[in-house]
Amino acid sequence: MIIEGHALCLGPDIDTDVIIAGRYLRTRDRSEWARHAFEDLDPTLSSRLEGTVILAGKNFGCGSSREQAAIALKEAGVRGVIAPSFARIFYRNAINVGLPVIECECTCSDGEMVRADPAAGKVAIGDRSYLTRPLSPRMREILSAGGLVSYWRGRR
Amino acid sequence: MSTLSEQILGAPAGDYVDCPVDRSYVHDGTGVLTLEAWRAMQAGVLARPDRCYVLFDHIVPANNSVTAGLQQDLRMFAREHGLNFTDVGEGICHQLMGEGIALPGEIIVGADSHTCTLGAFGAFATGVGATDMAAIWAEGGTWFRVPETIAIRLHGALALPAEAKDLALTYVARLTMDGATYRALEFVGDGAATLSIYSRMTLSNLAVETGAKAGLFYADGATCRYLEGYGHHARPQQPGECCYERELHIDMSAVVPVVAVPPRVDTIRPVEEMEGLPLDQVFVGTCTNGRYEDLQRFSAMVKGKRVKVRTLIAPASRNVLARATGSGVLSDLVRSGCTILPPGCGPCLGAHQGVLGEGEVCLSTANRNFRNRMGVGGEIYLGSVSTAAASALAGALASPGAVR
């Protein structure tokens, strides 16, 4: 699995309330979450998420366990999230919904081309390259299956 | 010897383990997505429905027909498949699991980040998302990475007017919002024994605000006496010499009333330095501070007086509300001008009941003050129940020392 997209730089400690606000949670319409992603940070951001790789600061996805946060990003067309560290529930949620997440400390400049290989633990941004810890085999399998639901069905 | 997390999960820190889950729970918020993932998995039957709980607390009673429909679907599912179910008005999931259900040594997983609250009982309790929970419904277990542990070594005892919430905000500020990511916290030392079960729940509750996976107390005599009240014969857990990744020492007698300043839980200021900050709303409740002792403390301070600002009180459970009704605490609260909300999460997550308007400022006893959480443009200061009472009377942020 290779992740490719244009860099979108975000700061540290982005909480899941900011990714998708509590007022939008009660629906089954996933496009609703994509439409309102990051609304309280920047109302114009959700329309620019398609085809991006988010390069965030530390502790991305802290706070509430709401899985809608990971789903919102995936639905909005985010290809993956790269950050020095993730809040653990968001990290598990992302893998479970098929949104690639990579722990890596790297420099970000908006719009640069990002290419990452989570299996090999390689990240390339513009002309810079980084080595990071590869995802565990189980996480890679879940991601390749498109998420935990299809992984689980495939194993039966 | 090993940490409490290592003892319960049965492996050293760093190992990946597949464990049966003793109890799992969802609420009306995360339960909807869990049910959706569960249906997509086409798993057929739940592995252990008697070990699964569905507890309605987030938007209770339903605020509109969309919410009502989603709740009805989950309610019917719980009944048809034999999951333990509590409906609107029974209370907050973490509180109900703490009323004689969670036991020392258990592995408890909740589809809510504040599941760590139950670490107060010596359980390994942690939050997951909806899809993880659906797999737990199907398999009866899940995988964990056994966490390294940071010890919070508590010395001495709290001195009035400081309370457990001030201690909790103090340790969060010391560790910072990601200082314990992927780690477990263990609250140890002579100071831990001085804390009531309710105070321990407040401390464990805030563990996730440091990124921690769990926040555990060793079950002791107080834990066993508390559980005895619910008909359980629990045994104390024995702390031993073990390998903590690091230790944080806190002198409890030096803790003072503090508030967490928006929008970060780890940015605290002494209340004394913030006195006079005008407030539009005071909110008392949540899985952090909505227990009987909290309502009692608040009412003792406002009894016979009149609050000067919109004050909302949400008991954490029906049992809490019933106790407050029986003891007269409830009528004191109502007479002093407080508005009582049904047992549940209330306005904590900004979905209904007490949403803040643009520019409004709220002092809340909850656990999160993230940007816009309680309403777009609203600001949240987090503080103790005593600080909330003093502030409600003053109509502005006030130190509890002056009122007591």
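The entries below cover the interface and then the aromatic rings.

**Ground rules.** I worked on a predicted model, where local features need pLDDT of at least 70, side-chain atom pairs count only at pLDDT 80 or more, and totals for chains, interfaces and linings use all residues. Residues are numbered from 1 along each chain as its sequence is written, chains are lettered from A and ligands numbered from 1 in the order in which they are written, and side-chain values use heavy atoms, with hydrogens and water left out.

**Interface, extent.** I looked up the contact first (heavy atoms within 4.5 Å). Chain A gives 40 residues and chain B gives 49 residues. I then took the buried area, which is the accessible area (1.4 Å probe) that two parts lose on being put together, summed over both. For chain A and chain B this comes to about 3,900 Å², and carbon and sulfur atoms give 50% of it. On the chain A side, Arg26(A), Arg88(A) and Arg92(A) lose the most area to chain B, together 21% of what that side buries.

I counted salt bridges (a side-chain nitrogen of Lys or Arg within 4 Å of a carboxyl oxygen of Asp or Glu). There are nine between chain A and chain B. One of them joins Arg28(A) to Glu36(B), at 3.3 Å from N to O.

The elements giving two or more residues are α2 (30-35), α3 (68-75), α4 (88-97), α5 (137-145) and α6 (148-155) of chain A. The largest share, seven residues, comes from α4(A).

**Aromatic pairs.** I searched for rings of Phe, Tyr and Trp (its six-membered ring) with centres within 6.5 Å; planes under 30 degrees apart count as stacked, over 60 as edge-to-face and the rest as tilted. The whole structure holds 15 such pairs over all chains. Phe77(B) and Trp137(B) are stacked, 5.3 Å centre to centre with 15 degrees between the planes. Phe77(B) sits in α3 (residues 65-81) and Trp137(B) in α5 (residues 130-139) of chain B, so the pair ties together parts 60 residues apart in sequence. Both Phe77(B) and Trp137(B) are buried (under 20% relative accessible area; exposed is over 50%, partly exposed in between; 1.4 Å probe, protein chains only).

Phe187(B) and Phe217(B) have ring centres 4.8 Å apart and planes at 20 degrees, so they are stacked too. Phe187(B) is buried at 2% relative accessibility, and Phe217(B) at 1%.

Technical notes:
Helices (H or I, at least four residues) and strands (E, at least two) are DSSP runs, numbered from the N terminus.
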